[in-house]
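Please open the model in a viewer and keep the selection panel at hand.

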2 protein chains.
Amino acid sequence: MPAHLTTRPEYSLLIDRYDTWMFDCDGVLWHGDRLIEGAVEVLEILRKRGKRILFVTNNASKSRKSYKAKFDALGVQASVEEIYGSAYASAVYISSVMKLPKDKKVYVIGMAGIEEELREEGVSFIGGTDPADCTLEPFSLSSFSLDPDVQAVLCGLDLSVNYTKLSKAFQYLTRNPGCQFLVTNEDSTFPSADGLLPGAGAISAPLRYALEKDPISIGKPAKTMLDCIQAKVKFDPERTIMIGDRLNTDILFGQAGGLATLLVLTGITSKQDITGPNASPIVPDYVTHSIGDLRVVDGQ
Amino acid sequence: MPAHLTTRPEYSLLIDRYDTWMFDCDGVLWHGDRLIEGAVEVLEILRKRGKRILFVTNNASKSRKSYKAKFDALGVQASVEEIYGSAYASAVYISSVMKLPKDKKVYVIGMAGIEEELREEGVSFIGGTDPADCTLEPFSLSSFSLDPDVQAVLCGLDLSVNYTKLSKAFQYLTRNPGCQFLVTNEDSTFPSADGLLPGAGAISAPLRYALEKDPISIGKPAKTMLDCIQAKVKFDPERTIMIGDRLNTDILFGQAGGLATLLVLTGITSKQDITGPNASPIVPDYVTHSIGDLRVVDGQ
């Protein structure tokens, strides 16, 4: 059973106990372009108390730099170095873990955010936002020329996904020996400002289905994302807490990394998902309705 | 162990034993636009001997009428009444089994073939080839108006699949109470003339993944397809044989319906798939390299 936090002494103890606070963003700090009430104040309270803040998001449609612009627009203080996105982690994985040779390439199903991060890490790529691949024209295998240098397919949320992209990725993954199948994250849905829409996991599902093969996933809950953070930031897992709205990504991610976990109910997960006979087997350490609840420690 | 047929007496016995011959098409009679050698002659031999011929295809991109045109173009004798496609079976399922009221609608992810069959069965639909849905423009949930009359989503192979279609289908399936999730078939790939491409099962995979729910599948191996044939044609399952190239659709379909099964190796399945320690658990009654092998009974 998770501890349901409700009182000022409980929130105060929580804040005292953890030095590093890792935040999921969508569903925790905001919904689409709408801030969650109290989120900005709580981040300010934590900063004033000397806490280290990190933003750990599976959103791969934006690079860290463009994600920073979103923080700015919403009036949330953040630096690029505090932001860890699955696009960035994927680029780091390809360059540092996979060690893709400089003359090899990645075929991208994804948006500008992935391309920016790959470019920053010096990884060559094709596909992505290339207009030649953003098309609903019929795909012809006979006029397709397989690039033998493509050694990985990286798939993230792509609002321009189409049959040409899926077919090309399928060719690389079945015809280029050793070609790796990577996905930025496996979220089945994402919470837009106006409701749920199919997520990055849904975009890669056709390849998974056609290949009968699971990809290597980089974002939460995968350990790869934590490895990426640990390579840049020193933190004590015992004094670190992961705050999120999704049990099978955020909370599982925190647990797999030996972090404490706080579930908020402002996003995907509802109270029914964590109570009663059909409760999820993934049990966070703490639950609170909204991140804004923590304002109470400052008497707000 | 299946019986591997190789000699004239074996093929003659096979022909004597079965009165109704159900053929898969892609990978059995042709690859894309290329006939498989001997296929036309074998169909002629069977017809001369008074056999009933049926064509049972999961291809939902064409209606029976337009599929007939493909037979004509390739010089293969066939009548529309002999052709059973998963688009037709889906339309029959919606009108006759689901009994969708006339004032309700289907949201289609699919091509003209599905639309033609739905129209023939008097089923109203939206989506499909509607230019408004065949777009790579960003999908906006705030400007989407949910049609409360949509009571089923039918998904088949759609070479114009895109995020707008997937998002609309997702909205109907999550927000219209009782909305049914149907797929014409679940083939992971399809054999084009120049190689494998993602199949209808891959097109519906994003919805399956985002909904965490399996659809009702109409085409082979589902019983629904056989029910559809049985409603129109009288045949004795004990004297009927299903010929196909795919174990988990054609052969499974035949077995589930109590039919004999003949696997050909001119399509998806290779010899390694049916022999040795990693052989599939789906074992056909008979195997022959190509349908053309049966020509030997006429001394050809």
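The model is predicted. Begin inside chain A, at the boundary between its two domains: across the interface of domain 1 of chain A and domain 2 of chain A, one salt bridge is found. Select A:Arg246 and A:Asp187 to display a salt bridge, with the closest N and O atoms 3.5 Å apart.

**The domains of chain A**

Colour residues 3-58 together with 221-298 of chain A as domain 1, and residues 101-217 as domain 2. The C-alpha centres of these two domains of chain A are separated by 30 Å. Next, select the residues in contact: domain 1 of chain A contributes 11 residues and domain 2 of chain A contributes 10. About 810 Å² is buried between domain 1 and domain 2 of chain A, with 44% of that area on carbon and sulfur atoms. Polar contact between domain 1 of chain A and domain 2 of chain A amounts to two residue pairs, counted with both residues at pLDDT 80 or more. On the side of domain 1 of chain A that touches domain 2 of chain A, there are two nonpolar, five polar and four charged residues.

**The two chains**

Now display chain B beside chain A. The same surface serves both copies, since 100% of the contact residues of chain B recur in chain A.

**The interface of chain B and chain A**

Select the contact residues: 37 come from chain B and 37 from chain A. The area buried between chain B and chain A is about 2,900 Å², and carbon and sulfur atoms give 70% of it. Highlight B:Leu136, B:Tyr163 and B:Tyr209, which supply 28% of the area that chain B buries against chain A, more than any other three residues.

Which polar features occur across this interface? Between chain B and chain A there are zero salt bridges, whereas six residue pairs are in polar contact, both residues being at pLDDT 80 or more.

Finally, show the secondary structure of chain B. Helix 6 (163-175), strand 11 (189-192), strand 12 (195-198) and helix 7 (200-211) of chain B each supply at least two residues of the side that touches chain A. Helix 7 of chain B provides the largest share of that side, eight residues. By class, the side of chain B that touches chain A comprises 20 nonpolar, 11 polar and six charged residues.

Definitions and conventions. Residues are numbered from 1 along each chain as its sequence is written. Chains are lettered from A and ligands numbered from 1 in the order in which they are written. This is a predicted model: local features need pLDDT of at least 70, side-chain atom pairs count only at pLDDT 80 or more; totals for chains, interfaces and linings use all residues. Side-chain values use heavy atoms; hydrogens and water are left out. Domain bounds come from an automatic or database domain assignment. Contact means heavy atoms within 4.5 Å. Buried area is the accessible area (1.4 Å probe) that two parts lose on being put together, summed over both. A salt bridge is a side-chain nitrogen of Lys or Arg within 4 Å of a carboxyl oxygen of Asp or Glu. A polar contact is a pair of N or O atoms within 3.5 Å; within protein, one must be able to donate a hydrogen and the other to accept it, and residues adjacent in sequence count only if both atoms are side-chain atoms. Ala, Val, Leu, Ile, Met, Phe, Trp, Tyr, Cys and Pro count as nonpolar, Asp, Glu, Lys and Arg as charged, and the others, Gly among them, as polar. Helices (H or I, at least four residues) and strands (E, at least two) are DSSP runs, numbered from the N terminus.
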